[in-house]
Each structure stands twice: as structure tokens, then as C-alpha cells.
Amino acid sequence: MSAISNLIKWFYHIIIPQGKFDEEQKRRIITLHGISFLGILVLSIFTINDIFSGLPAFAIVTGSTILIVIAILAYFRISKNIDLAGTAISILMFALYAYLVIDFGDNGSAIMWIFTYPIIANFLAGVSMGSILSTVFILTLGSMLFLHPTLRDGFALGFSIRAIGSYLVVFLFSVIYERARISAHKNLDDARRNLAEAKSYTDTILGSVNEGLFLIDKNFIIQQGYSDFTETLLAEESPEGKSFLDIMRHKVDPNLYASISDYLAMWFQGKVNPTLLAEINPLERAAIIMKKDGIPEEVFYSFLFYPVNDTDGNINQLLITVKDITEEVRLARKLEAEEAKKAREMEELFQIIHVDADIMREFITDAEEELEYANKLLKDTRVANKSVFIELFQSIHAIKGNALLLGLEKVGQSLHKTEEKIKELIESNNPGWDAMLDCTLLIRQVSMEINTIKELINKIMTFQSKTLEGVDKGLLPRAIVNSAEKEAERNGKKVEIVFKNFDTARIAEKDRRHIKDILIQLVRNAVAHGIEKPEERALSNKKEKGTIEISMEKEGENTVIRIKDDGRGLDLEQIKQKALEKGIIKTDQSDSLSPSQILGCIFNPGFSTSSTADLTSGRGMGMSLVKKRVQQLKGNLKLSYKKGEGTCFSIFIPTAVTEKQPAK
């Protein structure tokens with residue numbers, strides 16, 4: 001096949017020499033060569049025949065004619081002038097046909113050749129020159145028929161007149177036909193040229209546009225003719241003939257992929273308004289997974305669909321445009337995050353403005369100390385991971401409690417989410433280094449939020465005359481009261497805090513945070529679980545408002561802080577059941593445990609009698625935080641209760657630790 005193809009190409013180059021020719025000229029060139037080659041073949045036969053017939057003069061004439069034809073062809077290949085070459089061939093045929101008429105042929109049959117002359121001359125030499133040659137030819141022929149003795153005797157007068165008449169008819173129709181043919185071909189060539197130009201423009205557009213642009217049919221097959229950028233966006237070489245669905249199969253979420261199929265089918269069904277279909281486009285902002293250097297990367301494309309109707313008005317194709325909007329989406333997300341951050345800062349700012357600056361400063365100081373401790377804990381390889389997580393939870397819970405106490409709801413919600421994540425790590429089996437890394441990131445996130453609050457406070461402080469020196473020790477009682485009132489309001493209860501000999505000036509600054517955490521947790525716990533609702537208290541002949549008494553006394557070498565409420569007291573059986581459910585105690589141990597051992601369960605991390613967890617509850621971590629803080633103060637804790645009458649927590653702290661040392 002290759003040899004045949006090469007032979008055809010070689011022959012084509014022989015017939016059509018290199019050069020700029022329009023379609024009409026190419027047709028004339030092909031005809032010129034066809035007639036010339038045929039003439040050379042026929043004349044060669046005549047020459048051979050004349051030689052073997054003993055007619056050397058005729059052989060010389062026909063042979064010379066062959067040489068003239070070859071010379072004309074050679075001239076054409078050099079000059080590329082088809083008009084002159086065609087005219088030369090026409091003149092040569094003029095002479096040949098005249099010779100044939102004079103030669104007379106068998107019974108004068110040679111005259112039949114003359115009827116082809118106007119056709120050939122008009123085609124090869126052009127209508128104008130061909131008409132001149134044809135006219136000269138018929139005048140010459142007429143003269144020969146009527147004046148040449150041999151021809152005048154050979155052809156009857158009537159035959160000669162009919163022959164000339166027939167020639168003129170053929171001449172006339174050849175002119176008409178040739179003009180019509182040229183005009184038709186010209187229109188056809190113009191149409192082809194316009195079509196080629198249009199295709200060129202389309203190719204230019206498809207090659208330069210920075211968007212995917214392609215058509216799919218009813219079977220979702222990508223059609224011929226698509227923008228070059230389509231291959232880049234779809235990551236498919238030559239997507240023509242491939243299914244659009246197959247290409248998208250592993251690039252989008254499975255749920256989105258399923259919706260694409262249904263969505264495209266709806267377009268071709270033509271039952272839904274195109275405007276509505278455009279509004280529910282699932283790919284208008286689609287997350288696409290593309291591989292860059294073999295690594296999956298999420299990008300965002302926008303696919304838009306436009307129906308293409310056939311002559312009957314039915315949708316037979318869809319034009320799809322694809323645009324990479326990754327940067328646009330990322331910028332929008334960044335702006336949304338910035339706006340959310342600004343909104344949150346404004347909200348926090350308004351919350352901070354309504355809180356005493358010293359109290360807020362105290363919150364920041366306590367939070368920073370708590371986070372510093374958390375960071376040290378994360379770096380301490382001597383502590384088991386699970387113990388680290390529990391202590392981190394307690395630290396975050398302490399910060400969250402103080403944030404909510406100040407009305408920093410957004411900070412509280414964020415810390416609550418952090419608690420949830422740490423809780424998952426606590427409950428996971430054998431958490432490893434990756435869990436520690438997650439925890440580190442969580443603590444870092446909390447630090448960033450605290451720093452944001454700190455920056456806002458500093459901005460506020462620039463407009464206030466208060467200094468950071470001399471933190472008011474009266475802040476702790478106020479914080480406790482605020483915490484109790486907030487918890488009471490949340491639980492639909494009423495409570496009164498009574499301080500008895502509670503002198504915060506006796507508390508050393510280094511212990512203030514721990515004691516505050518203890519008191520805040522115990523007071524909140526008393527309100528949440530001890531103090532009854534007003535209607536319940538009324539049934540017990542108690543006053544509507546519950547009382548929590550906080551006292552501070554010196555007993556021997558200790559300072560004793562008592563938190564005593566007049567609530568319902570503790571339910572030992574309920575505590576035992578919850579401890580069994582939580583696996584804190586085993587079933588076979590439950591009957592042998594003493595009341596103090598059962599009460600000790602409430603200080604285990606994760607113990608809670610509440611069945612639900614919310615923003616303010618600590619999922620059973622509050623009491624474990626109390627125990628931890630007491631240990632950090634090197635103290636101890638005693639618990640007493642009387643069912644129906646209340647609970648009392650007594651915190652024994654060595655006086656040397658607790659009491660503020662006089663200035664030297």
C-alpha cells in the first residue's frame with residue numbers, strides 16, 4: 001500500500017507541478033496533461049504505423065508533433081503559465097484536426113473530430129481565446145470544405161453545410177456550458193474557501209481560548225472539534241470519541257458523579273426548562289481531583305452547558321464550556337475566612353468591652369499559664385499519652401469555663417470543639433505519636449485564639465487609663481458569683497452565693513488560679529447537680545433560692561476552704577450505677593465498696609451523672625480538674641453530704657502554700 005501511495009503521489013506531482021494554482025487552473029492542468037499524454041500515445045502509434053507502412057514523411061510529421069507536445073509541456077513546467085500552454089496545445093490540435101480533415105479518413109470520417117475542438121479549446125485556452133480559435137478554426141474549415149478541390153468533391157455540399165452547422169451548435173453550447181461551469185466552480189471554490197477560512201478562524205479560536213470547549217452527543221460522547229485547552233483541563237489526550245462520564249468518573253466525588261449522569265440525561269430529554277437546568281447545574285462549581293506530578297490535587301472547575309438543536313428543534317448535542325476557577329474559589333474562601341475572623345473579632349470585642357479590663361486580663365494570664373503547662377506536658381515523654389490527654393482536657397476545660405464566665409461565647413464554643421477532639425483521643429485505643437501531633441496542633445490553635453483576645457484587650461487598654469498593676473483580689477468573688485448566676489440561669493434555678501471569712505488577700509498570687517478553678521468548678525457543679533429547681537425546693541419546704549456558702553478558715557497548719565450548698569445532696573446509688581456503666585468499678589466490687597470509695601468515683605476523669613454534654617458541661621472532667629488542682633496545691637479534699645440537705649467540699653491547703661507571704 002505504501003508503494004502504491006508513493007506512486008500516486010509521484011504521478012500527482014508529475015501532473016500538478018509545484019506552484020500556486022487555484023482549483024480551476026488545476027482542473028485545466030490535469031486536462032492539459034491528459035490530452036497531451038493521450039495525444040503522445042496516439043501519435044506514437046501513428047508514427048510507428050507510418051514507419052512500418054513505408055510513409056516516412058508522415059512519420060516525420062507525427063513524430064515532430066510529439067516533440068512539439070513535449071516541448072509545450074516542458075515550457076509549462078518552467079513557466080507555470082497554463083493559459084499560454086493551453087493555447088499552444090489548442091493551436092496544435094487546430095493543425096492536427098485540419099490535417100485529419102484534409103486526410104479525409106475512411107469515407108471522410110476524420111471530419112467527425114472537428115466537433116470536439118470548441119470544447120477542448122474553450123477549456124484549455126479559456127473561453128475568450130478558445131472562442132477565437134474555434135471561430136478561426138470553423139472559418140478555416142469552411143474555406144477548406146468549399147474551396148479545397150479534394151474536400152469539395154469528397155463531401156456533398158449539404159453534408160458540408162450540416163457539418164458546419166453542427167460545429168456551430170457545439171461551439172455555441174460549449175461556450176455556454178464552459179461559462180456556466182466556470183461560474184459554478186467559482187461559486188463552489190468560493191464556498192470552499194469561505195468554509196476553509198471559517199474553519200481556520202474556528203481552529204484559531206479553539207487553539208487560543210483558555211477554556212475547555214467541546215460538544216457531546218446523546219450518549220455523552222465528546223465530538224470532533226474541541227479547544228486545545230480541553231485536553232489540559234480534562235487531562236485527556238485526544239478526548240474525541242471518549243465518554244465525558246468516563247473521563248469524570250474518577251475525578252469527582254461518587255455522589256456528584258451519579259448526579260452528572262442524571263443531569264445530562266435531563267438536558268437531552270428536553271422536558272425541563274433550560275433556564276431551570278442551568279440553575280441546578282451540579283458542576284457549576286465542582287471540586288475535581290487532578291494528579292499533578294502523580295500527586296492528587298483538588299482543583300475547582302466550572303462547567304456550563306448549552307443545548308444545540310437539530311433542524312426539528314430537538315436537542316441533539318450539548319456544548320460544554322469548562323473553566324478553571326481554582327484561584328477564584330481559593331480567594332473567595334480566603335475572603336470568607338477573613339470576614340468570619342473580622343466578624344468574630346468584632347463580636348469578641350463587644351463582649352470584652354462589657355467586661356472589666358482587670359478580669360479580662362486575669363483570664364488571659366490564667367489561660368497563658370494553663371497553655372504553658374499544656375505545652376510542657378506535651379513535651380514530657382515520661383507521662384503516658386492517655387494521661388497527657390486527660391490533663392490537656394482539664395486545662396482546656398478550665399480555660400473554657402473561665403471564657404464562658406466572661407461571656408466569651410465564641411471562644412467557649414471553639415474550646416468546646418477542642419474538648420470534643422481531645423475526648424476522642426482519650427477514648428481511642430492506644431493513641432500514638434500522630435495523636436500527640438494532633439493535640440499539639442489543637443493547643444497551638446487555642447494559643448492563637450487567646451493571643452487574638454490578648455491583642456484586642458491591648459487595643460482596648462490603649463483607650464483606658466487602667467494599668468495592669470495591682471490586680472484586684474475582689475475579682476475572684478465576682479467571678480464565682482457570675483459563674484453561679486450563669487449556671488443557675490441556664491438550669492432554670494435560683495442561687496445565692498454567701499462568702500464567709502473569704503479573704504482573697506490571703507491567697508498567694510501563684511495559687512490564685514488553682515483555687516479559682518477549684519471554686520468555679522465546685523460552685524458550677526453545686527448549681528448544676530446539687531441545688532434544686534424552685535418548684536422542687538418548695539416541695540421540700542426549702543426557700544426558693546438555693547444557697548452556696550464559701551468560707552475560709554485557718555485550722556492548724558492548713559487553710560480550709562469549704563463550699564457548702566443546701567441542695568439535694570449526693571445520690572450514692574446513682575453514683576455507683578454510673579461508675580459501673582463507665583467501667584470505673586467492676587460489678588463484683590460494687591457491693592464491697594465503702595461509701596467513701598463510691599464517692600471517690602466522681603473524681604475519675606470522664607465520670608458524670610449527666611446523660612448529655614453541652615457547651616458548659618465537661619463530660620465528667622470538672623471534678624477530676626478539682627482533684628488535680630488540690631494535688632497541685634499539695635492539699636487534700638474531704639467530701640460530706642446529707643441526702644436532701646446538701647453537700648460540703650472541704651479543701652485543706654497547707655497555709656505556707658496558700659497564704660500570701662508578707663513583703664520583705
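This is a predicted model: local features need pLDDT of at least 70, side-chain atom pairs count only at pLDDT 80 or more; totals for chains, interfaces and linings use all residues.
Some ground rules: residues are numbered from 1 along each chain as its sequence is written. Local features need pLDDT of at least 70, side-chain atom pairs count only at pLDDT 80 or more, totals for chains, interfaces and linings use all residues, and side-chain values use heavy atoms, with hydrogens and water left out.

Let's start with helix α4, residues 82-103. Helices here are DSSP runs (H or I, at least four residues), numbered from the N terminus. At 1.5 Å a residue, the 22 residues of α4 should span 32 Å, and the end C-alpha atoms are 31 Å apart, which agrees; the expected span is 1.5 Å times one less than the number of residues. After α4 comes Phe-104, which has a positive phi near 75 degrees.

Now look at α3 (residues 56-79), whose axis comes within 9 Å of that of α4, crossing at roughly 170 degrees. Axes are lines fitted to C-alpha atoms, for helices over the stretch in contact, and angles run from 0 to 180 degrees between N-to-C directions. The two helices are therefore roughly antiparallel, a label for angles over 145 degrees, while those under 35 count as roughly parallel. Where they meet (contact means heavy atoms within 4.5 Å), Ile-68, Ile-72 and Phe-76 are among the α3 residues, and Ala-85, Ile-89 and Leu-92 are among those from α4. By class, this contact has 13 nonpolar, one polar and no charged residues. Nonpolar covers Ala, Val, Leu, Ile, Met, Phe, Trp, Tyr, Cys and Pro, charged covers Asp, Glu, Lys and Arg, and the others, Gly among them, are polar.

What does α4 do with α6 (residues 127-147)? Their axes come within 11 Å and cross at roughly 15 degrees, so α4 and α6 are roughly parallel. The contact includes Ile-91, Phe-94 and Tyr-97 of α4, along with Leu-133, Phe-137 and Met-144 of α6. Its residues divide into 12 nonpolar, three polar and no charged.

Finally, go back to α3 and find α2 (residues 23-52), packed against α3 at about 160 degrees with the axes 8 Å apart. That pair is therefore roughly antiparallel too. Among the residues that meet are His-33, Phe-37 and Asp-50 in α2 and Thr-62, Gly-63 and Arg-77 in α3.

Conventions
Angles under 35 degrees count as roughly parallel, over 145 as roughly antiparallel, 65 to 115 as roughly perpendicular and the rest as oblique.
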